[in-house]
Amino acid sequence: YLMVPTGTAKLVVWPVIGWSAVIAILIGVRVNRPDAPGAWYLFAAGVATFVTGDNLVSFVEHSEPSFPSYVDVVYLAVYPLLIAGLVLLVLRRTAGRDQASLIDAAIIAAALGLLSWVLLIAPYVRSDDLGVLERLTSIAYPIGDVALLATAARLAVGGGRRPAAFWLLTGSLVALLASDALYGYLNLAGTWQEHNPVDLGWIGFYMGWGAAALHPSMRSLSTETTSTRRIKPGRLIVIGSAVLVPPAMLFVQQALGAVVDATAIALTGAVLLVLVMIRVAGLARDAADEKSEARFRALVDNATDAIVVLDGQGLVQYQSPSTERVLGWGAAELEGRMLGELLEEADAQRLGVMLSIHSATSTVAWRIRHGDGDWRDLEVVAADLRGTAEVDGLVLTMRDITERNHLDLELRRQALHDSVTGLPNRTLFLDRVEQALKRREPSGTSVGVLLLDLDDFKMVNDGLGHAAGDDLLKAVAARLLSATPTGDTVARLGGDEFALLVEHADFNGGLEPTAVRVQAALQAPFLIRDEEVTVQASIGVAYGSPRTHSSGDVLRNADLAMYVAKRNGKDRVEQYLPAMHEVASRRLEVAAELRAAIERNELVVFYQPIVDVITGVTIGVEALARWQHPGRGLLGAPEFIPVAEVMGLIVPLDRWMLNEACRQVKAWKSEGVADASFYVSVNLSGRHFQDAGIVHDVDAALTRSGLPAGALVLEVTETTLVKDLGPAGTTIAALKALGVRIAVDDFGTGYSSLAYLSSFPLDILKIDKSFVDRVVTTAEGQTMVRTIIELAHNLGLQAIAEGVEQPEQASALRGLDCQLAQGFLFARPMRARDLGALLTKRALPWHAISTGV
Ligand code: C2E
Ligand code: CA
Ligand code: CA
C-alpha cells in the first residue's frame, strides 16, 4: 500500500483490503460456524460500514469531504455495530453474573477515558475556532474509541482461555485505536497528510478482524467460561497502572506548566477509588466464601454416609469419596450415570417421582445394586436443592442399613420362635390361638389346645448333658410335627413344654384322637448320642369357644389339665374341667404368703456388680429380688416374680425393692464404699411401668433415701416399651425429668422393631444372655452382637452384656467394643453386706480376668 502511488493506493489497494476483511468475516462465519453468528454478522456490518466510509471519501468526495459531513455519520455508525457484536460475545462467554470482570473493565475504561479526555477530547472542547457541530463530531470519535475499548476490555478480563482469534481481535482493535488517536492528534496539530504510515493501523484493523473470523479458534470466543476468583498478577498490573493514570496526568500537566484538567482528573481519581474499593470488598467476600466452602468440602469428604448429587434428570453429578465405600462404585463408574439404573424398579420409579416434583427434605428406603453385585438396603435422606445457586441438584445422603434390617428381621424371627427346635414360641402360639378364635367367631365352633409336658425330662438333661437334652427336644419336635395335620400349630412354650393348636376341634371326635396320635408318636424310643431314651408325656387338653374364651384362658385351662394329668400319675391325657381350678389355689397360697412376706420384710435385695471389662472397675450394681422364705429357704426370683406378676403383687414388690436399693446404695456412698458415679439398677415390671404412680414412687424413693437421681437406673424390658407407645413415652419423659436413666432389659428377646429404640430417650441397652452365649460359639451370633453394639453406640446408648460366664466371652465382647458387662464370671448376685465388704477391701476378683491375664 505504501509502495504504490497515492492514487492507486487509495482507489485500488485500500478498497480491496477493506472489502476482503468483510468477505473474510462472512466466510469465517460459514466455515467455523460459531454459536453466536449474530456477533460476527454485526462485525461484518461494522467493518463494511467502515469501508463504505472510506470509499465515500475516496470516490464520492475525492478525498476532500467537508467537515462535519454525512461521511462522519457513516464512520460513527461503526462504533455501535462493533460494540454490539462484542457485547454479544461477552454475554455468551460469561456464566451468570461476573461483577468482578465488569468492575475491572470499568477501571480500565475510566483510565483510558481520562487519557482520551486529556489528550483528544478536551483540546476540541476548549478550541474556540470550531463550531459546535464540528466540536461535537470531533469528540464523538475518541468517545467511540473509549467505548469500544471498554467493551473489548470487558471481553479480555472475563477469564477463560485466550485463543489465537482473541489475540487477533485485540491486535486489530489496538491498531484501530492507535491510528484513530494519531489521526486525531495530527489533525489537531494541523499536520495530517494522506497516504502515510498511520494508515497501516487501519489496514491492521481490517486484516486482524478478518483473520480473527477465519481462525478456527474464533468459535471458542463465544463459549461459556467461568472466571477464576483469584486475581492474577497480569491483571493486577493492568488495574494498578489504570489507577495510576490520574496522578500521572496530574504530574505531567504540572511539569508542562499548568494543570488544565484538574476537574476531570479529580473526578476520574474518585471514580477509580470507588471502583477499586468495591473490587476489594468482593475479593474479601470471595476469600470468606472459599474458606467456608473448603470447610464444607472437608465435611463432605470425611462423611461416613455416601453423599450423591443428582441433576434434574437423575444423572449423578457428584459423589463424595465415602460413596465408593458405601455403594462400591467409584467416581469413574457413577458420575454421569443415571442413579435409577442401579435401583430396584419400584425405587427407580419413586426417584422419578421425586425428581418430577419439588419437595423439601424426605427420608426414604431404597434397594440399590452394590458394586459387588449384591443388593443393599439404603436409608436415603433426599434434600431438593435444585434452584439453589450453590448446589443446584437433588442431594442424597445414603446410609447402608442392610445389616440393621437383617438384624431386625432376625430378632423378630427369634422373638417368635424357639431357638432350639425352631418351633413357634409362646408368644406366637398365643397369637395363633387368638387368630383361630377370631376365625371361629361366625360359626361359634371351638378350637382345641393340647399342652404336653415331657415326664422326667430333667433326668435326661442332667444325666446326658444339656446338648443331649437339646437333641431330644429337637427329636420330640420332629415327631410332634409328623403327628399333626398341616395347618395346625406345634409350639414349644419353654423348657420341656410343647403345645398343639387344633383348629377344628369340634369335628372328627374332638381332641381325643389327636392326643392319642401324639402319645403314639412318642412311643418308640429315641436314639440320643447312642443312648436309647424313652419319653413319656403328660397331656392336658382344653377347648376354647370364641364367645367366652381368650387365648390366655384356653392355655391356662390346658395347663391346669396337664398339671392334673401329671399329678394323677404321668403319661396321661386329661381334659380340662372347671373343677380343676382348685388346683390353682396353690398359687393363691403363694400369693398370700408373698403379700405377707413384703410386709414382714422377708424380701432381700441381692446385688450383682456391673463391671467395666477394660478397667476392671465395678461401676454399679443390679438389684435382684430374693425371698427368704421361713419354711423353704432362700427363693430365687423366678420362683415368685411370675406369681407376683399374675397376682397383682409386683407393684408393691418393685416399690419395696426400689426403696431398699436406693437406701443401701446411698449408705455405701456416704460410707465412702462406693464413689459418686456408682449407680444402682432396679428392675421395673411392665405392670408397674404402666401404673400411674410409678413416677411418684421413684421420686419418693429418691427423696427418702437422699440418693442422687443420677445414681439410679430403671430397667424395663423392650416389650414393655413397645406395648403402649403413648403412655410409655410420657412415663419415660417424666422419669427422665427426675434425672434417672433408663435401661432396656433383655434386649433382643422382645417382639419389637429396632425403630422404637430411637424414639425414646433411653440410656442403656442390656444385651440378653442368649446373645452373649452365642458370641463365641457362632459367627452369626458374633455378627448379631456386633450389630447390636454398633446400633447402641449409634443411638448414643451404653451397651451392657448380661450373663457373661466365660473369659472368652468377655474378651470377645471387649473386641466388639462392649465395655460393660455383668455375669457369674465377675460375680454372682450377693447380699449387701458381702458386696459391701468386697468393695471396701477393693478385693473384687476379676481384675486379672479383665486385663486378659
Ligand atoms: P434379669 O433382669 O435379666 O436379671 C438377670 C438375671 O440373670 C438374674 O437372675 C441374675 O442372677 C442372672 N444372672 C446374672 N449373671 C448370670 C450369668 O452369668 N449366668 C446366668 N445363668 N445367669 C446370670 P434372677 O435374679 O434369678 O432374676 C431373674 C429375673 O427376675 C430378672 O431377670 C428380672 O427380670 C426378674 N427380677 C429379679 N428381681 C426383680 C425385681 O426386683 N423386680 C422385678 N420386676 N423383676 C425382678
Ligand atoms: Ca434386669
Ligand atoms: Ca436382663
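D347 is buried, with a relative accessible area of 5%, where buried means under 20% relative accessible area, exposed means over 50% and partly exposed lies in between, computed with a 1.4 Å probe on protein chains only. The model is a predicted one, in which local features need pLDDT of at least 70 and side-chain atom pairs count only at pLDDT 80 or more, while totals for chains, interfaces and linings use all residues. Residues are numbered from 1 along each chain as its sequence is written, chains are lettered from A and ligands numbered from 1 in the order in which they are written, and side-chain values use heavy atoms, with hydrogens and water left out.

D347 belongs to helix α12; helices (H or I, at least four residues) and strands (E, at least two) are DSSP runs, numbered from the N terminus. When residues up to four places away in sequence are not counted, D347 touches A365, W366 and R367, contact being defined as heavy atoms within 4.5 Å. Helix α12 (residues 345-356) as a whole lies across β1, β3, β4 (375-384) and β5, and runs at about 145 degrees to β3. For such angles, axes are lines fitted to C-alpha atoms, for helices over the stretch in contact, and the angles run from 0 to 180 degrees between N-to-C directions.

The sheet in question is open and is formed by 5 strands in the order β2-β1-β5-β4-β3, with antiparallel pairing. Its edge strands, each of which pairs on one side only, are β2 (316-319) and β3 (361-369), and the twist from one strand to the next averages 30 degrees. Strands of a sheet pair through backbone hydrogen bonds, either parallel or antiparallel; here two strands are taken to pair if DSSP finds at least two bridges between them. Strand β1 (residues 306-310) is joined to strand β5 (residues 394-400) by 5 bridges, the two running antiparallel, and V308 stands opposite L396 in β5. Strands β4 and β5 pair in the antiparallel sense over 7 bridges, with A383 standing opposite V395 in β5. The antiparallel pairing of β3 with β4 extends over 9 bridges, and T363 is found opposite V381 in β4. These two strands, β3 and β4, form a hairpin with 5 residues between them, and in the turn G373 has a positive phi of about 95 degrees. Strand β4 is mostly covered, 7 of its 10 residues being buried.

The axes of helix α15 (residues 457-464) and helix α16 (residues 466-482) come within 6 Å and cross at roughly 135 degrees. The two helices α15 and α16 are therefore oblique to each other, given that angles under 35 degrees count as roughly parallel, over 145 as roughly antiparallel, 65 to 115 as roughly perpendicular and the rest as oblique. On the α15 side the contact involves F457, V460, N461 and L464, which meet H466, A468, G469, L472 and L473 in α16. By class, this contact has 6 nonpolar, 3 polar and no charged residues, where Ala, Val, Leu, Ile, Met, Phe, Trp, Tyr, Cys and Pro count as nonpolar, Asp, Glu, Lys and Arg as charged, and the others, Gly among them, as polar. P485 is placed in the loop between α16 and β7 (489-494), and is partly exposed, with a relative accessible area of 40%.

Two calcium ions were also examined. The calcium ion (ligand 2) is coordinated at 2.1 to 2.3 Å by E622 (OE), N683 (OD1), E715 (OE) and D745 (OD); donors are N, O and S atoms within 2.8 Å of the metal (3.2 Å for Na, K and Ca), and sites may look incomplete because water is not among the atoms. N683 lies in strand β16 (residues 679-683) and E715 in strand β17 (residues 712-717), so this pair ties together parts that are 32 residues apart in sequence. N683 is partly exposed, with a relative accessible area of 23%, whereas E715, at 1%, counts as buried.

The calcium ion (ligand 3) is coordinated by D745 (OD), D746 (OD), E802 (OE) and E802 (OE), at 2.1 to 2.4 Å. D745 bridges this calcium ion (ligand 3) and the calcium ion (ligand 2), which lie 3.9 Å apart. Because D745 lies in strand β18 (residues 741-747) and E802 in the loop between β20 (798-801) and α29 (807-815), the pair ties together parts that are 57 residues apart in sequence. D745 counts as buried at 7% relative accessibility, and E802 is buried, with a relative accessible area of 10%.
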